[in-house]
Amino acid sequence: MKFTTIYLLLLASIGLASAADIESGKKLIAERNCAACHGADYFTSIAPTYPRLAGQHEDYLYYALRSYQVETNANYGRKNAVMGSQAKGLTDPQIRNIAAYLASLPGPLVVKK
Amino acid sequence: MNKLSATKPFSPKPLNPFMLLLGGIFFACMSLSSAAQAQDLKGSAEAGKAKVWLCTGCHSIPDYRADYPLVYHVPKIGGQNSAYIASALQAYKKGERKHPTMRAISASLSDQDMVDIGEYYAAQNSSSPMNSLK
C-alpha cells in the first residue's frame with residue numbers, strides 16, 4: 001500500500017517535471033523582448049536574416065536555444081552574440097517553456113521537397 | 001646631435017589610440033563590405049531547385065528526427081526567411097555553428113548556392129508544388 005502510494009507520487013512528479021508550460025513560456029518570452037527581433041507574431045521578423053519561429057518544431061527550438069548556451073561544443077554549439085547572451089540567461093525549464101509556446105503558435109513553416 | 005634627439009631619446013612609441021581606432025574602423029569596414037557582398041548576391045528559387053538534393057534527405061521527411069544524444073525533429077525550413085537560411089549556412093561553413101553534418105554540407109556550397117537554396121525554401125508554402133527534380 002505504502003509502496004503503491006510512493007510509486008504513484010513518483011510517477012506524478014515525472015509528469016509534472018517534464019510538462020512544458022506554454023503560459024509561462026509566453027510570459028517569459030515577453031519579458032525577454034524576443035519580439036523586438038523575431039516580430040510580435042514570431043513570424044514577421046524585423047530583418048530577413050532572423051528566423052521565423054512560430055510553429056517550428058518544439059524539440060528543435062529547445063535544441064537551438066540550448067546550443068547557444070554551449071557555444072563551443074563540437075557537436076551542437078552555436079556562436080552568436082545576441083542569441084548567446086539571451087540563451088545563457090535561461091534555465092533548462094525556461095527554455096522548454098519558450099519552445100513549447102513558440103511551437104504552439106500558428107506559422108507558415110512547412111516540410112516539403 | 002640635434003635638439004630633438006637629445007630631448008627625446010629613442011624609445012618604442014606607445015600605440016597611438018587614434019591610429020588604433022583608425023585600424024579598427026578599417027577592419028570593421030572590410031568585414032562589413034564582405035558581408036554586404038554576400039548579401040548582394042541575388043538568389044533564385046529556380047536555380048535552388050537543383051541544389052537542394054543534399055537537404056531533402058533530412059529536411060523533406062515529415063517527422064524526421066536526428067542526432068545523438070539529443071534527438072530532435074530537424075527544423076522545418078519551408079517558408080523560412082531566405083536570408084536566414086543563407087546566413088545559417090554561412091555560419092556552419094565558418095564554424096560558428098558546429099553541427100557536423102550541416103558543416104560538411106555547407107562546406108561544399110558557394111555563396112551563390114546558399115542564397116539560391118534560401119530562395120528555394122522561402123518560396124515554399126502549404127500549396128506549393130513538390131520539387132519536380134526529386
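Me: What share of the 134 residues in chain B is buried?

Reply: This is a predicted model. In chain B, buried residues make up 26% of the 134 residues. To be counted, a residue needs 20 or more other C-beta atoms within 10 Å of its own. For chain A, 29% of its 113 residues count as buried.

Me: What makes Y84(B) a buried residue?

Reply: The cut-off is 20 or more other C-beta atoms within 10 Å. Y84(B) has 20 of them, so it is buried. This residue lies in helix α5 (residues 82-94) of chain B.

Me: Which residues does Y84(B) touch, leaving out those up to four places away in sequence?

Reply: Y84(B) touches P48(A), T49(A), Y50(A) and P51(A). A contact requires C-beta atoms within 7 Å. Within its own chain, Y84(B) is 38 residues from A122(B) in sequence, and their C-alpha atoms are 9.5 Å apart in space.

Me: How many residues of each chain take part in the contact between chain A and chain B?

Reply: On the chain A side there are 26 residues, in contact with 29 residues of chain B. The chain A residues divide into twelve nonpolar, eight polar and six charged.

Me: Why is α4(A) called largely enclosed?

Reply: Nine of its twelve residues are buried, so α4(A) is largely enclosed by the rest of the structure. Among the buried ones are E58(A), L61(A), Y62(A), R66(A) and Y68(A). What covers them includes α5 (81-88) and α6 (92-104) of chain A, together with β2 (72-73) of chain B.

Me: Which residues have the most contacts inside the largest nonpolar core?

Reply: They are L61(A), Y62(A), L65(A), I98(A), A99(A) and L102(A), in a core of 18 residues. The elements giving two or more residues to this core are α4 and α6 of chain A, and α6(A) gives the most, with seven. Apart from this core lies another, of 16 residues, including V52(B), I77(B), L89(B) and I117(B).

Me: What is Y62(A) in contact with, leaving aside neighbours within four places in sequence?

Reply: Y62(A) is in contact with I95(A), R96(A), A99(A) and Y72(B).

Me: Where in chain A is confidence lowest, and where is it highest?

Reply: Helix α1 (residues 2-18) of chain A is lowest, at a mean of 56, and α6(A) is highest, at 98. Chain A has a mean pLDDT of 90, with 84% of its residues at 70 or more. Where pLDDT is low, the predicted coordinates should not be read in detail.

Notes: Residues numbered from 1 in each chain as written. Chains lettered and ligands numbered in written order. Predicted model: local features only at pLDDT ≥ 70, side-chain atom pairs only at ≥ 80, totals over all residues. Contact = placed C-beta atoms within 7 Å. Nonpolar A, V, L, I, M, F, W, Y, C, P; charged D, E, K, R; others polar. Helix = DSSP H or I, 4+ residues; strand = E, 2+ residues; numbered from the N terminus. pLDDT = per-residue confidence, 0-100. Core = buried A, V, L, I, M, F, W, Y, C linked by C-beta atoms within 7 Å.
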